[in-house]
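Me: I would like to learn how to read the features of a model like this one. Could you take me through them?

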Amino acid sequence: MFRGKKYQDSIKLIDRTVQYDMEDAFGLALKSAKAKFDETIEVHVRLGVDSRHADQQVRGNIVLPHGTGKVNRVLVFAKGDNAKTAEDAGADFVGAEDMVARIQNENFFDYDVIVATPDMMGLVGRLGKVLGPKGLMPNPKAGTVTNDVTRAISEIKAGKVEYRLDKTNIVHCPLGKVSFGEQKLLENFEALLRAIIKSKPAAAKGQYIRSCVISPTMGPGIKVSTARLMT
């Protein structure tokens, strides 16, 4: 794969055989972020579980101490008083049947997260084949199926992220922007990793965190030691 000059310059800073301590890793991540825009620092955590088994799933959510640097647009499926509450709480879009029709007929996806009250899930379920592949389907475990729409919207706007296994047993999450600086990124990282560690399934055997890599959007991956978080 062809890599540009900035990427080639960045990779010279990193020893791919070394697992860096957290401070050094984030220092390198910031140095290797050379794009002209404010890159996102992402984390990729490979876990010693098997996502094919229901009792080894890892999924949850957390409001990062410093958010992610992204302002999420929220669509809420609600009616009546709940719809009014959602509007007052700052939802970007609120609807019911009208919103289902808009998604089905207009390919409307100008939002990042969907929240639904429990009584609306029968309606939202019609969109499962469309929303599911995009990771937009509301889910009680993610806190996006709830009667407390005010709290859900507030947390999402504050920087709540959902972490979950993919098919290769890796969790991928944004940690924040390069402009956050090392300390804020470290605090977000520690909060997220502790949440993932706390979510360890009882059925998981052996080493739980197999590897952890951080990277800026356009930069190389950097291996991070999580040993001190496991104590």
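Me: Is Thr144 buried or exposed?

Reply: The general idea is a threshold on relative accessible area: buried means under 20%, exposed over 50%, and partly exposed in between, with a 1.4 Å probe and protein chains only. Thr144 counts as buried because its relative accessibility is 7%. Keep in mind that this is a predicted model, in which local features need pLDDT of at least 70, side-chain atom pairs count only at pLDDT 80 or more, and totals for chains, interfaces and linings use all residues. Residues are numbered from 1 along each chain as its sequence is written, and side-chain values use heavy atoms, with hydrogens and water left out.

Me: Where does Thr144 lie, and what does Thr144 touch?

Reply: Helices (H or I, at least four residues) and strands (E, at least two) are DSSP runs, numbered from the N terminus. Thr144 lies in the loop between helix H6 (128-131) and helix H7 (149-158). Contact means heavy atoms within 4.5 Å. Not counting residues up to four places away in sequence, Thr144 touches Val113, Ile114, Val115, Ala116, Pro138 and Asn139.

Me: How should I read a nonpolar core, and how many residues has the largest one?

Reply: A nonpolar core is a set of buried Ala, Val, Leu, Ile, Met, Phe, Trp, Tyr and Cys residues joined through side-chain atoms within 4.5 Å. The largest here has 37 residues, and Val43, Leu47, Tyr163, Leu175, Phe189, Leu192 and Ile214 have the most contacts inside it. At least two residues each come from helix H2 (22-31), strand S1 (40-47), strand S6 (160-164), strand S7 (170-177), helix H8 (182-198) and strand S8 (209-216). H8 gives the largest share, seven residues. There is also a second, separate core of 16 residues, with Ile114, Ala116, Leu123 and Leu131 among them.

Me: What does Val43 touch?

Reply: Val43 is found in strand S1 and is buried, with a relative accessible area of 1%. Leaving out residues up to four places away in sequence, Val43 touches Val171, His172, Cys173, Leu175, Phe189, Leu192, Cys212, Val213 and Ile214. Leu175, with neighbours within four places left aside, is in contact with residues including Phe26, Ile41, Val43, Leu64, Phe180, Leu185, Phe189, Leu192 and Ile214.

Me: Which residues of H2 are buried?

Reply: An α-helix has 3.6 residues a turn, so residues three or four places apart point the same way. In H2 the buried residues are Met22, Ala25, Phe26, Gly27, Leu28 and Ala29. They pack against S1, S7, H8, S8 and strand S9 (222-223).

Me: What does the side chain of Ser32 reach?

Reply: A polar contact is a pair of N or O atoms within 3.5 Å; within protein, one must be able to donate a hydrogen and the other to accept it, and residues adjacent in sequence count only if both atoms are side-chain atoms. The side chain of Ser32 reaches the backbone oxygen of Ala29 at 3.1 Å. Ser32 is in the loop between H2 and S1, and is buried at 2% relative accessible area.

Me: Which side chain does that of Arg59 meet in a polar contact?

Reply: The partner is the side chain of Glu162, at 2.5 Å. Arg59 is found in strand S2 (residues 59-63) and counts as partly exposed at 25% relative accessibility. The C-alpha atoms of Arg59 and Arg164 are separated by 4.2 Å, although these residues are 105 residues apart along the chain.

Me: Which residues lie nearest the centre of the largest pocket?

Reply: On a 1 Å grid over the protein atoms alone, a pocket is an open set of points where a 1.4 Å probe fits, with protein on both sides within 12 Å along at least five of seven lines; lining residues have an atom within 4 Å of a point. Of the 26 lining residues, Asp112, Val113, Gly135, Val161 and Glu162 lie nearest the centre of the largest pocket. Strand S5 (113-116), S6 and S7 each supply at least two residues of that lining.

Me: Which loop holds Asn169, and what is the phi of Asn169?

Reply: Asn169 is found in the loop between S6 and S7. Its phi is near 65 degrees, a positive value in a residue other than glycine.
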